[in-house]
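Keep the viewer open as you read.

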Amino acid sequence: MVGPKTRARLRGAELIKTSPERPPPERPLVDLHGRSAWSILPALLAGFFMIMIDTTVVNIAVPTLVKHFGASLVQVGWVNSAYLLTFAVLLLVTGRLGDTFGPRPVFAAGLVVFTAASLACGLSPSIGWLIAARAVQGVGGAMMTPQTMAMITRVFPPKQRGAALGMWGSVAGVATITGPLLGGLLVETVGWEWIFFVNLPVGAVALWLTFTRLPTLERHTRSVDHLGMVLSVAGMFLLVFGLQEGEAYAWGQVRWGITVWQMIAAGVGLLVVFGWWQLRRGEDALVPMRLFTNQNFFLANVSSGAIGFTMTGIFLPLTLFLQVVAGMSPMRAALVALPGSLVSGFVAPMAGRLSDRVPAKWVVAFGFAMLAVSVAWMAVWIGDDGSPWRLLAPNAVLGLGTGSVFSPLANLATSGLDHRTAGAGAGTFNTNRQVGGVIGSAAIIAMITGRLSHTLPAAAREEAGSVPAAYRDQFAALFDAGGGAQGGRPDFTAVVHGSVAGADADTAAALASAAASAFDHGFAAAAGQTMVMVAAVAAVGLVSALVMRGGATHT
């Protein structure tokens, strides 16, 4: 017979067993041989961290690369754009490769390519070599990125997926916003080459973790869409080249009678044809268009492009202002972004968990609102004469926005995907983020160089009132062609000595001081105006988030 105490213990055990407060832990969706689903994250996040940090780490080194290679701002801009371009246009292909050959081998191959290309970047003897190596680095990044989201989607059960994507989003947000900080530290202490060499040990550890922790997943073989690959690559290249190089060719003829605007139009046209072809291909398309019938997936992709544009676009004008105008070293300039890194790292994991408990759209909308506010705030303060350290506050708000967007947005985008389309869906989502980034990189270069050609002469005309009347025309002529728009600060003493005739030593010194003041005001104005465009794109992401459905919650 069972006594009263024994019956009480049995009832207590039954209550614990069935209590909703302590649900049994969910098993991974695939066999991990007794390991937790969380065991796959170190390999995925180590590789993803390298990929994301390299989207922004170069920005802090732009003035250094301009001086080291004797290159123009547009040429150095291609160091970032080449990486983002190959990354963006190949994500669609590599997402499908993960479905066809399995995420693990494609991820491992991408790690090898990315790490080897990082070595080539650091050893670059010329700006052309560096651009080419960065393009190869983008290929490796494109091979890895869709596999990270696809594996999380296919391995983690739904109730754990938000937290896992929270960690994924934390890495994305922290790496993106930490890139300038790490870059500044390395550029100032051991040299610009180490912003690439630092990937070598991380890549080696990630490769070991890949072969010891990542599972072999089911493959879903489909035919390769060769025409789709050609159309997407050609369309994106023509569009980005036209946007980024437009100012260099005065928005006129490039070669063989082809104009910048014709290249841009051809790029847009090819991308339209690409979309039509994807509809024709159905399930064998690089981008299965039926994915976009899911409202949240469609809007999440719009927001993904907006976050890519915003995160790429914010750092170049900010870096140029801090180093070229404010005269900060790379390390001091990078410290301005430190609050954003800290806040983003703290907020991102919580945002992922929160998106499991409340409608994720509100978390994403809050994040985009903070991004728009922070960038607009910086745009206003950059145009003033105050201390650049004031930018610490809006950078902290930027980190709040970044940490709130990445993982809930990924959760919204992937919640409607099944195992057959996880790779293609993840590839499409990441592609749109990178497309936003590469267009952002090109548009920011075009915008800031274009604005400099107006703001520098305007500032010179305003400053001319403070110089002797006999020299005003010569003074204004120093900036007539947008002088100083190459990303570095000119030696105005030498410029005045070589361009202004008949000035004695005192007058020449006064002219050099006035030229420096005009340069600072003109450059700050161009950087601030460029940031307004970035804030507007963040607002597009906000509107897209507000139109989304709430998304599933798991309590």
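Start with Arg390: its charged end sits over the ring of Trp381, 4.4 Å from the ring centre. To count as sitting over a ring, NZ of Lys or CZ of Arg has to be within 6 Å of the ring centre and within 35 degrees of the ring normal. Lys361 does this too, with its charged end over the ring of Trp362 at 4.6 Å from the centre.

A word on where this comes from: the model is predicted, so local features need pLDDT of at least 70 and side-chain atom pairs count only at pLDDT 80 or more, while totals for chains, interfaces and linings use all residues. Residues are numbered from 1 along each chain as its sequence is written, and side-chain values use heavy atoms, leaving out hydrogens and water.

Now for rings meeting rings. The structure holds eight aromatic pairs; rings of Phe, Tyr and Trp (its six-membered ring) pair if their centres lie within 6.5 Å, and planes under 30 degrees apart are called stacked, over 60 edge-to-face and the rest tilted. Trp192 and Phe196 have ring centres 6.4 Å apart and planes at 80°, so this pair is edge-to-face. Trp192 and Phe196 are both buried, where buried means under 20% relative accessible area, exposed over 50% and partly exposed in between (1.4 Å probe, protein chains only). Trp276 and Trp277 make a tilted pair, 6.3 Å centre to centre with 45° between the planes. Trp276 is partly exposed, at a relative accessible area of 46%.

On to the helices (DSSP runs of H or I, at least four residues, numbered from the N terminus). H4 (residues 73-101) and H6 (residues 127-155) pack at about 30°, with axes 6 Å apart. Axes here are lines fitted to C-alpha atoms over the stretch in contact, and angles run from 0 to 180 degrees between N-to-C directions. H4 and H6 are therefore roughly parallel, a label for angles under 35 degrees. Thr145 is in H6, and this residue is buried, with a relative accessible area of 0%. The C-alpha atoms of Thr145 and Gly110 are separated by 8.9 Å, with the two residues 35 apart along the chain.

Last stop: H12 (residues 295-325) and H15 (residues 360-382) pack at about 20°, their axes 12 Å apart. That makes H12 roughly parallel to H15.

Key:
Helices (H or I, at least four residues) and strands (E, at least two) are DSSP runs, numbered from the N terminus. Angles under 35 degrees count as roughly parallel, over 145 as roughly antiparallel, 65 to 115 as roughly perpendicular and the rest as oblique.
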